[in-house]
Each structure stands twice: as C-alpha cells, then as structure tokens.
Amino acid sequence: MRLYLASTSPARRALLAQSGIEPVLVSPGVDEDAVGAAAAAVLGRDLTGPELVSLLAVAKASAVADSAVAGSPVDGVVFGGDSAFEVDGRLYGKPHDPDVARERWRQMLAAGGGTLWSGHCVIDRRRGLDPATGRTGGTAPAGTVPPVRPLVTSPADVPSLGDVAPGGSALAADGDRVVAVDSAVLTFAEDVSADEIDAYVATGEPLEVAGAFTIDGRAAAYITRIDGAPSAVIGMSLPMLRSMLLRGFGIAWQDLWSL
C-alpha cells in the first residue's frame, strides 16, 4: 500500500524509511503563513498550538489527496504534518533568519524548555471505494481505547480536537479523513552559552525547522529530556500515525512496510 507524504522534509522521510516505509514524496505547495493568518482573521484571535498544526496538516494533506502524481491519481493514503514549538504561550515556527534563530534560542533557554506540537492528517485515497460506505477503510478493532472522536471544524476550517494539554494528544475522524495532534515537552540544558548558540545558528541547521532546533542533528546535545514521543519532535509521531491508520481505517502498520 502506498503512503504519500505531503512534504519534502528529509527528516519525515527518514523517519518513515527507518520504520520500513518508503513514501511517495509530494510537495503540497501550501503557504503556511497565509493559511494560519487567514484562519486567525476569521476567528478574531491567534490560533493555539494544536489548532495551528492540525490546520496546516489538513491543508497539506488535502492539497495532495486530490492531485495527480506523476500523471496518475493518488492511490493510497496521504499524510500531511506540521509542527510548532510553544514557549511561555508563544508559538515558534521556522525562523528563516539567523538573527531570529539566535533570539529564539535565548528565549527558549531562558524559559528552560517548551512544548513541541505535532499536527497530523491522514486522508484515504485508495481506489475501489465501497459504494455502500463511500470509503475503502475498515473499522477500528472493537474495544479500541480511547475511541475515535467525530471530527468537527470551526468556521475557519480549524479542526476542533478539544483541549490538549502539553505532553498530551487527541485524535478525531470524519469519513475518509483522520486528524490528530501529539505533543512532547522538552527540557533544555541549563548551561548552553551564547557562543554555542552562535555556532549552532551558523551551521544553518535551525533556520528551516520549527522552534529553530532538531533533536536528530546538532541540537541533540542541548536537550536533556523529552516527555513524549521523540519522533513527534522530529516531524511526525510514529505511534500516532500508526494509531490513526489502525483506528481510522483498519490499516495495519505492517501493511505499509516495503518488503
């Protein structure tokens, strides 16, 4: 079974490859800043971390789900994901600029850590839909806990997953779409110096990643504790993705392995 990754992120691809899955990479072409700003304007307030990452995950997966890939319709499941790092109630996306990255590191170290929010959306686009149900997916195993919640959205098309505490998660489904948020709480080392920040920023590694750090790169030495799924901090929560596929569509994790 094909898994289409609505992302060109090397980190997300590497996570899947390490799990035995070779995804089809497709750039979603989504303007993240514009999508987030439009939703905030409709709601009349800033989006929370779970709201923002789930909104962008849905936007990315939706952009790929009904497109043609290499001239053919999508035939499989599509995954879209997004991440944001929250420190003292403020969300940090990709800094892009070295000066911004340095300032963010100073703020993150002053706070001692923060919460990495990871948004997920899986859309079922397998061919051969059951005409009776309008979908291909099976049903989650009986007794699955917690149950899959019905997915509802706000007037700004923001998925409503309820209150998600730092370190917590939530999952909801609607027909051929499952949306989820997972999170991890990170603690930074207390003795990171300004010289270390400058050296790290100079590598360019933190400029295009949420929160201006990666735990699968040079920043791993500056992070002393992770409470939550480590893979969520890298780009997608593999335990959450497995749960979404199984509970939403009855798809077993091993069905995606490249044997």
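Biologist: Why is His-96 called partly exposed?

Modeller: The relative accessible area of His-96 is 46%. Buried means under 20%, exposed means over 50%, and partly exposed is what falls in between, with a 1.4 Å probe and protein chains only. His-96 therefore gets the label partly exposed. A word on the background: this is a predicted model, where local features need pLDDT of at least 70 and side-chain atom pairs count only at pLDDT 80 or more, while totals for chains, interfaces and linings use all residues. Residues are numbered from 1 along each chain as its sequence is written, and side-chain values use heavy atoms, leaving out hydrogens and water.

Biologist: Where is His-96 found, and what is its phi?

Modeller: His-96 sits in the loop between strand E6 (90-92) and H4. Its phi is positive, about 65°, although His-96 is not a glycine. Most residues other than glycine have a negative phi. Ala-212 also has a positive phi, about 70°, and is not a glycine either. Ala-212 belongs to the loop between H5 and strand E13 (223-227).

Biologist: Nice. Why are H4 and H5 called oblique to each other?

Modeller: H4 (residues 98-111) and H5 (residues 194-202) pack at about 140°, and their axes are 10 Å apart. Under 35 degrees is roughly parallel, over 145 roughly antiparallel, 65 to 115 roughly perpendicular, and the rest oblique. So this pair is oblique. Pro-98, Ala-101, Arg-102, Trp-105, Arg-106 and Leu-109 of H4 make the contact (heavy atoms within 4.5 Å) with Ile-197, Asp-198, Tyr-200 and Val-201 of H5. These residues comprise 7 nonpolar, no polar and 3 charged.

Biologist: What makes E12 mostly covered, and which strands does it pair with?

Modeller: In E12 (residues 177-188), 9 of the 12 residues are buried. Two strands pair if DSSP finds at least two bridges between them. E7 (residues 113-125) and E12 have 11 bridges and run antiparallel; here Ser-118 stands opposite Asp-182 of E12. E11 (residues 169-174) is also antiparallel to E12, over 6 bridges, and Ala-172 has Val-179 in E12 as its bridge partner. E13 joins E12 through 4 bridges, again antiparallel, with Val-185 opposite Asp-227 in E13. The hairpin of E11 and E12 has 2 residues between the strands, and Gly-175 takes a positive phi near 60° there.

Biologist: Last one: how do you know that Gly-113 counts as buried?

Modeller: Gly-113, a residue of strand E7, has 11% relative accessibility and so counts as buried. Leaving aside residues up to four places away in sequence, Gly-113 touches Phe-85, Val-87, Met-108, Leu-186, Thr-187 and Phe-188. From Gly-113 to Val-164, C-alpha to C-alpha, it is 18 Å in space and 51 residues in sequence.

Note on methods. Axes fitted to C-alpha atoms, helices over the stretch in contact; angles between N-to-C directions. Nonpolar A, V, L, I, M, F, W, Y, C, P; charged D, E, K, R; others polar.
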